[in-house]
Amino acid sequence: MEAAASGAEQRIRSAGFFARKSLDDFDFDVQSSLRSPIAQLASGSYLHEARNIVLLGPPGTGKTHLATGLGIAAAQQGHRVLFASASDWVTRLGEAHGRGELAQELARLRRYPLLVIDEVGYLPFEPDAASLFFQLVSSRYEHASLILTSNLPFSGWGTVFGDQVVAAAMIDRIVHHAEVLALKGASYRLRGREQETLPSVALAAESEQG
Ligand code: ADP
Ligand code: MG
């Protein structure tokens, strides 16, 4: 049992999560429609079917937290996981491509049942980057799972990838076997602080009183 626990710990450490956030730490009262789908996904059965998970929603609504929590759950269930931002994935693949080892790198990554690609959409990609990203998605299609997070709806991905056709082909592969979950509402980071910290809100409140 101890060996299993330390194996999980090792997998969590080498996954490269930005922060350690578990599903137990997530307050589902503010994202109540996600309570049951996330509980179901936490069992990890999507990994055995190479299904993907896409978390879409505005900044601060908990996408990275949930992606991390699901990744930690997968690691605890014995699966190897790697977590990085979309731009870090592109850098990594670009370096492999530069060494003439893209195919080997993609094959190596296929041995990870789960890759998390955080923050698709924060930075637009160069054309080469879009192609690398497409190859990553294609190489995992029906082989191994991806969790992606984005602040943009799919309709905005064409602009991010600089190519509507590549983006459409990629989205097609991602969502063919996927749970697409929408997070809603205001940023959790700013919860309860609006009144004090956002001048426009404070002013509106004042003028309401006055
Ligand atoms: P996003 O990736 O959607 O921008 P994050 O997952 O980084 O948002 O969430 C921002 C911060 O708020 C993090 O510290 C996260 O742990 C916390 N957070 C967001 N939503 C919740 C929630 N429902 N319950 C607990 N913490 C949350
Ligand atoms: Mg995030």
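Helices α5 and α7 are roughly perpendicular to each other. The model is a predicted one.

**Two crossing helices**

Helix α5 covers residues 86-98, and helix α7 covers residues 127-140. They pack at an angle of about 95°, and their axes are 9 Å apart. On the α5 side, the contact is made by Ala86, Val90, Leu93, Gly94 and His97. On the α7 side, Ala129, Leu132, Phe133 and Leu136 take part. Seven of the residues in this contact are nonpolar, two are polar and none is charged.

**The sheet**

What is the order of the strands in the open sheet? Its five strands run β2-β3-β4-β1-β5, and the pairing is parallel. The edge strands are β2 (81-85) and β5 (178-182), and each of them pairs on one side only. Neighbouring strands are turned by 10° against each other on average, with direction ignored.

Take β5 and its partner. Strand β1 (residues 52-56) pairs with β5 in the parallel sense over five bridges. Leu56 has Ala182 of β5 as its bridge partner.

**Aromatic rings**

There are eight aromatic pairs in the structure. One of them joins Phe125 and Phe161. This pair is stacked, with 4.9 Å from centre to centre and 25° between the planes. Phe125 lies in the loop between β3 (114-120) and α7, while Phe161 lies in helix α8 (residues 157-161). The pair therefore ties together parts that are 36 residues apart in sequence. Ring pairs also link Phe125 and Phe161 with Phe133, Phe154 and Trp157 into a cluster.

**A loop residue**

Leu183 sits in the loop between β5 and α10 (194-197). Is Leu183 buried or exposed? It counts as buried, at 4% relative accessibility. Beyond its neighbours within four places in sequence, Leu183 is in contact with several residues, including Gln31, Leu34, Gly57, Pro58 and Lys63. Leu55 and Leu56 are also among its contacts. Val120 is 63 residues from Leu183 in sequence, and the two are 15 Å apart in space, C-alpha to C-alpha.

| Residue | Relative accessibility | Class |
|---|---|---|
| Phe125 | 11% | buried |
| Phe161 | 1% | buried |
| Leu183 | 4% | buried |

How values were computed. Residues numbered from 1 in each chain as written. Chains lettered and ligands numbered in written order. Predicted model: local features only at pLDDT ≥ 70, side-chain atom pairs only at ≥ 80, totals over all residues. Heavy atoms only, no water. Axes fitted to C-alpha atoms, helices over the stretch in contact; angles between N-to-C directions. Helix = DSSP H or I, 4+ residues; strand = E, 2+ residues; numbered from the N terminus. Parallel < 35°, antiparallel > 145°, perpendicular 65-115°, else oblique. Contact = heavy atoms within 4.5 Å. Nonpolar A, V, L, I, M, F, W, Y, C, P; charged D, E, K, R; others polar. Pairing = 2+ DSSP bridges. Phe/Tyr/Trp six-rings, centres within 6.5 Å; stacked < 30°, edge-to-face > 60°. Buried < 20%, exposed > 50% of the residue type's maximum accessible area, 1.4 Å probe, protein only.
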